[in-house]
Amino acid sequence: MRITDVSLATIWVLDQDSAKEFYTEKLGMEVRNDMTLGEGGMRWVTVGTKNQPELQVTLMVPGPPSLDPESAEQLKALIAKGVLGAVGFNTDDCHAAYRELSAKGVTFIQEPQDRPYGIEAIFRDDSGNWFSLTEPSETLDTTKSWGNC
């Protein structure tokens with residue numbers, strides 16, 4: 001047995017309808033699934049980028065069956081506080097993506113900056129999660145220290 005790839009990643013959100021709108025209308029992702037599962041009525045919403053059809057991102061509200069009620073409330077508080085970073089997104093032009101997403105109302109907490117690994121900006125989704133938006137450098141020297149990135 002061997003793992004061949006990653007097919008699903010979860011982003012915890014506070015509201016699936018609002019998150020679905022944010023990820024599709026502001027970030028340009030496409031909806032892959034939006035359905036109700038089982039008798040408990042758990043909603044399964046996944047999105048993804050057009051260029052990566054094999055990877056789905058689940059927009060999941062904390063709660064049963066994956067979390068007990070106490071843990072779900074703790075996680076919701078952390079999401080709302082804005083301390084969770086979930087995913088790194090790549091772009092071919094960080095400055096242009098920054099301008100385009102800012103014009104769509106996406107909140108950035110860091111403008112594009114040069115880093116040893118490329119140009120990076122940091123933004124938040126509508127739940128408060130933060131994300132790296134990176135234009136990777138063409139040649140990344142992994143022997144260099146990143147210092148105080």
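Modeller: Here are some questions and answers about the helices, the core and the aromatic rings. Keep in mind that this is a predicted model.

Colleague: Thanks! How do you know that the length of helix H2 agrees with its number of residues?

Modeller: H2 covers residues 69–81, which makes 13 residues. The expected span takes 1.5 Å times one less than the number of residues. That gives 18 Å for H2, and its end C-alpha atoms are 18 Å apart, so the two agree.

Colleague: What makes one side of H2 the buried side, and which residues are on it?

Modeller: The buried residues of H2 are Ala-72, Leu-75 and Ile-79. They cover an arc of only 65° around the axis, so they sit on the same side of H2. An α-helix has 3.6 residues a turn, so residues three or four places apart point the same way. The buried residues of H2 pack against strand S1 (8–12), while the face turned away from them carries the exposed residues Glu-70, Ala-80 and Lys-81.

Colleague: Why is Asp-68 called a cap of H2?

Modeller: A side-chain oxygen of Asp-68 lies 3.1 Å from the backbone nitrogen of Glu-70, at the N-terminal end of H2. The cut-off for a polar contact is 3.5 Å, so this pair is within it. Just after H2 comes Gly-82, with a positive phi of about 80°.

Colleague: And helix H3: how do you know which residues share a side there?

Modeller: Cys-94, Ala-97, Tyr-98 and Leu-101 are the buried residues of H3. Their arc around the axis is only 105°, which puts them on the same side of H3. Arg-99 and Ala-103 are exposed on the other side. The buried residues pack against H1, strand S6 (107–115), S7 and S8. At the start of H3, a side-chain oxygen of Asp-93 comes to within 3.3 Å of the backbone nitrogen of His-95.

Colleague: Which residues have the most contacts inside the largest nonpolar core?

Modeller: That core has 22 residues, and those with the most contacts inside it are Ile-11, Tyr-23, Leu-59, Phe-89, Phe-108, Phe-123 and Leu-133. Among the elements that give two or more residues to this core are helix H1 (16–26), strand S4 (56–60) and helix H3 (94–103). H3 gives the most, with four residues.

Colleague: Now the rings. Why is the pair of Tyr-23 and Phe-131 called edge-to-face?

Modeller: The structure holds seven aromatic pairs. In this one, the ring centres are 6.3 Å apart and the planes are at 85°.

Colleague: What makes Phe-89 and Phe-123 a stacked pair instead?

Modeller: Their ring centres are 6.0 Å apart and their planes are at 25°. An angle under 30 degrees counts as stacked, so the pair gets that name. Phe-89 is in strand S5 (residues 85–90) and Phe-123 in strand S7, 34 residues apart.

Colleague: How do you know whether Phe-89 and Phe-123 are buried or exposed?

Modeller: Buried means under 20% relative accessible area. Phe-89 has 14% relative accessibility, so Phe-89 counts as buried. At 1%, Phe-123 counts as buried too. Both belong to one aromatic cluster, which also includes Tyr-98 and Phe-108.

Note on methods
Residues are numbered from 1 along each chain as its sequence is written. This is a predicted model: local features need pLDDT of at least 70, side-chain atom pairs count only at pLDDT 80 or more; totals for chains, interfaces and linings use all residues. Side-chain values use heavy atoms; hydrogens and water are left out. Buried means under 20% relative accessible area, exposed over 50%, partly exposed in between (1.4 Å probe, protein chains only). The arc is that of the directions from the helix axis to the C-beta atoms. Contact means heavy atoms within 4.5 Å. A polar contact is a pair of N or O atoms within 3.5 Å; within protein, one must be able to donate a hydrogen and the other to accept it, and residues adjacent in sequence count only if both atoms are side-chain atoms. A nonpolar core is a set of buried Ala, Val, Leu, Ile, Met, Phe, Trp, Tyr and Cys residues joined through side-chain atoms within 4.5 Å. Rings of Phe, Tyr and Trp (its six-membered ring) pair if their centres lie within 6.5 Å; planes under 30 degrees apart count as stacked, over 60 as edge-to-face and the rest as tilted.
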